[in-house]
Amino acid sequence: MKLSWYYWCSSCWATGLKCAPVPARPGAPYVKRGSMGDRFVELPFLRNVGLMVTLQCPVTCPHCIVQAGPHRHESIAAADAYAWIDQIAAYRDGYVRVVAFTGGEPFCHIGALRQMSDHVQRAGLLASAVTNAFWAPTLDAALRTLEAVPAVRVLSVSTDVYHQ
C-alpha cells in the first residue's frame, strides 16, 4: 500500500484528505493548501468530539490531566465505543463531523483503534487521533503503523519535553 499523504508541523501531522469518506456538507472538514503548497486538513470549529480509548500511555507526564501512564490499563469497551460513535453521528442531524481518539495513548491499543476508527468512517465521520507518536521512531515504523489504521485520517502529535 502506497501512502499518498503526510504533512508535518509543530502541532499536527495531517493527511492530504480525500473527502469521499466525509460527505460534503456545512461544517465538514476541508483540504487547504499551505503557503508552501502543502496540503492539510482544516477541522471545523466545535464540531469534533473526543473519545478516550485508554488511560495507558508509555510516558507519565506531570501535566497530564487524566494521569495516564504505563501503570494504567483502563480502556473503553468496544460496544460502548460503537454506541457513542453512533450517537455522535446522529447528534443534531450530523452536526459533529470529527471523532478524535485520545487517551492516554490510543495507539497502545492499535487493534481497538482500528476497529473504532473504521466504525467512525462507516458512520460518515472523520477519524483523528491525538498521539505522542511513540510508535514512530523511524519513517518506516510510522508508515507501517499508519497502514494498520487507514481510517485515521488526521493526527495531532503532542510534542514537548516529555514526548521526545
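**Exercise 1. Secondary structure**

How many helices and how many strands does the protein have?

*Solution.* The model is a predicted one. Assigning the elements gives three helices and eight strands. Next, read them in order from the N terminus: the run is β-β-β-β-β-α-β-α-β-α-β.

**Exercise 2. Burial and surface**

State what percentage of the residues count as buried, and describe the exposed area of the protein.

*Solution.* Start with the residues: the chain has 164, and 41% of them count as buried.

**Exercise 3. The largest nonpolar core**

Which residues of the largest nonpolar core touch the most other members, and which elements give two or more residues to this core?

*Solution.* The core holds 24 residues, and Phe101 and Leu155 are the ones that touch the most other members. Two or more residues come from each of the following elements:

- strands: strand 5 (48-54), strand 6 (98-103), strand 7 (126-131) and strand 8 (152-157);
- helices: helix 1 (78-90), helix 2 (110-122) and helix 3 (139-147).

As background, nonpolar side chains in soluble globular proteins tend to be buried together.

**Exercise 4. Contacts across the sequence**

Find the percentage of contacts between residues at least 6 apart in sequence that join residues at least 24 apart. Then work through the surroundings of Ala100.

*Solution.* For the protein as a whole, the value is 70%. Leaving out residues up to four places away in sequence, Ala100 touches Val49, Gly50, Leu51 and Ser128. For the pair Ala100 and Val49, the separation is 51 residues in sequence, while the C-alpha to C-alpha distance is 6.0 Å.

**Exercise 5. Positive phi in a loop**

Where is Arg92 found, and is Arg92 buried or exposed? Treat Asp93 likewise: where is it found, and is Asp93 buried or exposed?

*Solution.* Begin with Arg92. This residue is found in the loop between helix 1 and strand 6. Arg92 is not a glycine, yet its phi is positive, at about 45°. The relative accessibility of Arg92 is 55%, and exposed requires over 50%, so Arg92 counts as exposed.

Continue with Asp93, which is found in the loop between helix 1 and strand 6. Asp93 is a residue other than glycine with a positive phi, near 55°. With a relative accessible area of 71%, against a cut-off of over 50%, Asp93 is therefore exposed.

Technical notes
Residues are numbered from 1 along each chain as its sequence is written. This is a predicted model: local features need pLDDT of at least 70, side-chain atom pairs count only at pLDDT 80 or more; totals for chains, interfaces and linings use all residues. Side-chain values use heavy atoms; hydrogens and water are left out. A nonpolar core is a set of buried Ala, Val, Leu, Ile, Met, Phe, Trp, Tyr and Cys residues joined through side-chain atoms within 4.5 Å. Buried means under 20% relative accessible area, exposed over 50%, partly exposed in between (1.4 Å probe, protein chains only). Helices (H or I, at least four residues) and strands (E, at least two) are DSSP runs, numbered from the N terminus. Contact means heavy atoms within 4.5 Å. Accessible areas come from the Shrake-Rupley method with a 1.4 Å probe; for residues, only the protein chains shown count as cover.
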